[in-house]
Amino acid sequence: KKPDVKGRSTGHAAATAGSQRLIHDLQVHQTRLEMRNDDLEEQVRERTAKLRQINTTLTQEIRFEKLIADLSARFVHVPADRVDGEIENAQRRICQTLGLDRSTLFQFNGPDGEALLTHSWAIEGFNPVPKISMEKLFPWALKRIRSGKTIQYTSLDDAPGEAATDKASVRRFGPKSNITFPLIVGGEVLGGLGFGSLKAERQWPESLNSRLQLIAQIIATTMD
């Protein structure tokens, strides 16, 4: 009897095809496992980043709450001859805690009096604004502050055309971005407290604005 060569060939071919399908299925399964592993690693990275952000935010909030408590306590009992030094010390600590470059404070000499810049602090490498009269330099800004309105811009281009004189003064003294709050006590506007970014433009999120507004209220009470 002759060997069944044809049958053997067919069986071998079937076995080979089966092995190839098995190898293919294993490769597909391995690829799917690798994709799932990549997805899991990405999820872990995202969650880790979120946790770090939450931790950073909580740390900043704790530092800010401690700063507020300390400033409030210091201003309550500060002697009159030390108020100026305490205000500038507060400006420094606020900027360092919140990552700002400069703070300026100006006061009105009476309800309709001249606006004089009296206190300023800036980070290393930049100069504080000198003690000057602000009336001719910032007429548009002073009008808004006297009406109890906050001034805020991320870019100097945000300011309206009527603020042309103010823009020229900002280009002279900086900053690139600024927010200034009116200092109000008993319904009277006593001056303004500003914070700025000198190195680059920055946004002013509501969370930061509310903190700075609270600080402005605290400092305003020392000027009453």
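**Notebook: sheet, helices and cores**

I began with helix 3 (residues 139-146), which lies across strand 1, strand 2, strand 3, strand 4 (177-185) and strand 5 and runs at about 70° to strand 1. Helices (H or I, at least four residues) and strands (E, at least two) are DSSP runs, numbered from the N terminus, and angles run from 0 to 180 degrees between N-to-C directions, with axes being lines fitted to C-alpha atoms, for helices over the stretch in contact.

I noted that this is a predicted model, in which local features need pLDDT of at least 70 and side-chain atom pairs count only at pLDDT 80 or more, while totals for chains, interfaces and linings use all residues. Residues are numbered from 1 along each chain as its sequence is written, and side-chain values use heavy atoms, with hydrogens and water left out.

I found 5 strands forming an open sheet in the order 2-1-5-4-3, with antiparallel pairing; two strands pair if DSSP finds at least two bridges between them. The edge strands, each pairing on one side only, are strand 2 (115-122) and strand 3 (151-153). Neighbouring strands of this sheet are turned by 15° against each other on average, direction ignored. I then followed strand 1 (residues 102-108), which pairs with strand 5 (residues 188-197) in the antiparallel sense over 6 bridges, and I saw that R102 has G196 as its bridge partner in strand 5.

Helix 2 (residues 83-98) packs on the sheet, where it touches strand 1, strand 2 and strand 5; contact means heavy atoms within 4.5 Å.

How far apart are the axes of helix 2 and helix 5? I read 11 Å, with helix 5 (residues 206-222) packing against helix 2 at an angle of about 170°. The two helices are therefore roughly antiparallel to each other, a term for angles over 145 degrees. In this contact V83, I87, I94 and L98 of helix 2 meet residues of helix 5, including L208, L212 and I215.

Last, I looked at the cores. A nonpolar core is a set of buried Ala, Val, Leu, Ile, Met, Phe, Trp, Tyr and Cys residues joined through side-chain atoms within 4.5 Å, where buried means under 20% relative accessible area (1.4 Å probe, protein chains only). The largest one has 32 residues, and F75, I94 and F195 are among those with the most contacts inside it. Helix 5 gives the largest share of this core, 7 residues. I94 touches L67, L71, F195, L212, I215 and I219, not counting residues up to four places away in sequence. A second, separate core of 20 residues includes A115, M134, Y153 and L156.

Key. Angles under 35 degrees count as roughly parallel, over 145 as roughly antiparallel, 65 to 115 as roughly perpendicular and the rest as oblique. Buried means under 20% relative accessible area, exposed over 50%, partly exposed in between (1.4 Å probe, protein chains only).
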